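I am opening a notebook on a structure that is new to me.

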Amino acid sequence: MSFRRTAILGAGSWGIALAVLWAKRGNHVTLWGHNPEHIAQLDTARENPDYLPGIKLPPAVAVTSDISACSEADIIVVVTPSVAVRSVAERAKAHVGKNAVLLSCTKGIEHGTGMRMTQILNEVFPANTAAVLSGPNLAIEVSRDLPTATVLGCEEAECAEELQQHLGSSLFRIYSSDETTGIELGGALKNVFAIPAGVSDGFGLGDNSKAALVTRSLAELVRLGTAMGGHTRTFYGLSGAGDLIATCFSNHSRNRQVGEHLGRGRSLDQIKSSMKMIAEGVPTTKSAYECARRFDIETPIIDQVYAVLYEGKPPAQGLQDLLGRDQKSERL
C-alpha cells in the first residue's frame with residue numbers, strides 16, 4: 001500500500017502536533033477543523049498560541065474547514081474530542097475513499113454504548129481498515145521534536161507495519177501491534193486516573209501517596225480493561241502503563257491539572273470554563289463508570305472520581321473513603 005496524502009480531522013493541540021510532525025517528514029498533510037473562523041485564523045497565523053504557542057505549521061500543511069478536502073487522502077487521522085468522533089465521521093463519510101485507512105488518535109469511550117473509537121469508525125466505515133495510535137505522547141513535546149515512543153494497533157498486521165514505516169521516525173518511534181482494544185482502553189482510562197493524581201498534587205500529599213495511587217490505578221485499569229476485551233500485556237506497555245505515568249505526572253497533562261484544581265478547592269464548572277482545551281478524563285469517567293457497572297468490575301478509584309465529578313462529592317471525602325477501605329492482599 002502506498003500512502004501519499006494524510007488528512008487530519010481535528011485541529012486541536014494533538015491534531016496540530018501531528019500535522020507538524022508528519023509534514024516535517026515530507027508528507028502532504030491536510031488539517032481540518034470544524035470552526036471556519038478559527039481555521040481561517042490558524043491558516044493566516046500558521047500558529048495557535050492558545051494550544052501550542054511558538055509552534056508554526058510548515059508550508060506542507062493545508063488548513064481547511066471544508067471536510068470534503070479529505071477525499072484524496074490515503075490516511076484519515078481522527079483526532080477530534082471523543083464526544084464528536086461519531087458526528088464528524090458521519091460528516092466525512094461521503095468524502096472518504098474506499099481504500100483509505102482510518103487512524104484514530106482520539107482517547108475516549110462513547111457514553112451509553114461503551115464503544116471504543118475504532119468501533120465507531122468501523123460502524124460508520126464498514127469497508128475501510130481502522131487502526132489506532134496511542135501512547136505517552138504529550139502534544140507540546142511532540143511538536144518540539146522531543147523524542148517519544150508510541151504504539152500503533154491494527155488487526156491487519158501488514159497495514160500496521162506499513163503505517164509504522166510511513167509515520168514513524170527516530171524521534172517518534174512507533175511500535176506495531178495487532179491489537180486495538182487494549183491500546184484504546186489504556187489510552188482512554190488513564191485520563192480518568194490522572195484526575196485523582198492531580199487531586200493528590202492539589203492536596204500536597206507527596207510522592208509516596210501519588211506513587212501508591214498510580215500503582216493501584218494501573219491495577220484497576222488492567223482489571224476493567226481485560227474485562228472489556230483488552231490483552232493484559234498491552235496494558236503494561238506504552239499505551240497503558242507508559243501513558244498512565246506521563247499523564248499522571250506531567251505538568252502538561254490537562255486531566256492532571258483538572259484534579260489539581262479540584263484539590264485546591266475550585267469547582268468543576270470553574271475549571272472547565274477556564275480551560276481552552278478539553279480534558280478527556282471528565283467525559284471518560286462517566287463512560288468508565290458505566291462500563292464497570294455493565295461488566296460488574298470493582299473500580300474504587302473510578303467510583304470516587306465519578307462521585308466527585310458527577311455527584312458533587314467533596315474531593316477530600318472521596319480521598320478519605322478510598323483510604324478507609326479494608327486492607328487486603330495486593331492484586332495486580
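I began with helix contacts, taking contact to mean heavy atoms within 4.5 Å, and found that Leu185, Gly186, Leu189, Lys190, Phe193, Pro196, Ala197, Ser200 and Asp201 in H7 meet Gly206, Ser209, Lys210, Leu213, Ser217, Glu220, Leu221, Leu224 and Gly225 in H8. Sorted by type, the residues of this contact between H7 and H8 are eight nonpolar, six polar and four charged, where Ala, Val, Leu, Ile, Met, Phe, Trp, Tyr, Cys and Pro count as nonpolar, Asp, Glu, Lys and Arg as charged, and the others, Gly among them, as polar.

Before going further I noted that this is a predicted model, in which local features need pLDDT of at least 70 and side-chain atom pairs count only at pLDDT 80 or more, while totals for chains, interfaces and linings use all residues. Residues are numbered from 1 along each chain as its sequence is written, and side-chain values use heavy atoms, with hydrogens and water left out.

Helices (H or I, at least four residues) and strands (E, at least two) are DSSP runs, numbered from the N terminus. I then looked up the geometry of H7 (residues 181–203) and H8 (residues 206–227), whose axes come within 10 Å and cross at roughly 155°. The axes are lines fitted to C-alpha atoms, for helices over the stretch in contact, and the angles run from 0 to 180 degrees between N-to-C directions.

Next I asked what angle H7 makes with helix H13. H7 and H13 (residues 281–295) pack at about 110°, with their axes 8 Å apart, which means that H7 is roughly perpendicular to H13. Ala188, Leu189, Asn191, Val192 and Ile195 in H7 meet Gly281, Val282, Thr284, Thr285 and Ala288 in H13, and the residues of this contact divide into six nonpolar, four polar and no charged.

I turned to helix H10 (residues 238–249), where Ser239, Gly240, Ala241, Asp243, Leu244, Ala246, Thr247 and Cys248 are buried; buried means under 20% relative accessible area, exposed over 50%, and partly exposed in between (1.4 Å probe, protein chains only). The elements that these buried residues of H10 pack against include strand E6 (129–134), strand E7 (148–153), H7 and H8.

I also checked single residues. Ser250, in the loop between H10 and H11, is buried because its relative accessible area is 11%, and, not counting residues up to four places away in sequence, Ser250 touches Leu138 and Arg256. Ser143, in helix H5 (residues 139–143), is buried at 4% relative accessibility. Val83, in the loop between strand E4 (75–78) and helix H3 (85–92), is exposed, with a relative accessible area of 60%. Arg86 lies in helix H3 and counts as partly exposed at 23%; leaving aside neighbours within four places in sequence, Arg86 is in contact with Glu110, Met115, Ile120 and Glu123.

Finally I looked up the domains, whose bounds come from an automatic or database domain assignment: domain 1 covers 5–178 and domain 2 covers 187–324. Their centres, taken over C-alpha atoms, are separated by 25 Å, and 27 residues of domain 1 are in contact with 26 residues of domain 2.

Conventions: Angles under 35 degrees count as roughly parallel, over 145 as roughly antiparallel, 65 to 115 as roughly perpendicular and the rest as oblique.
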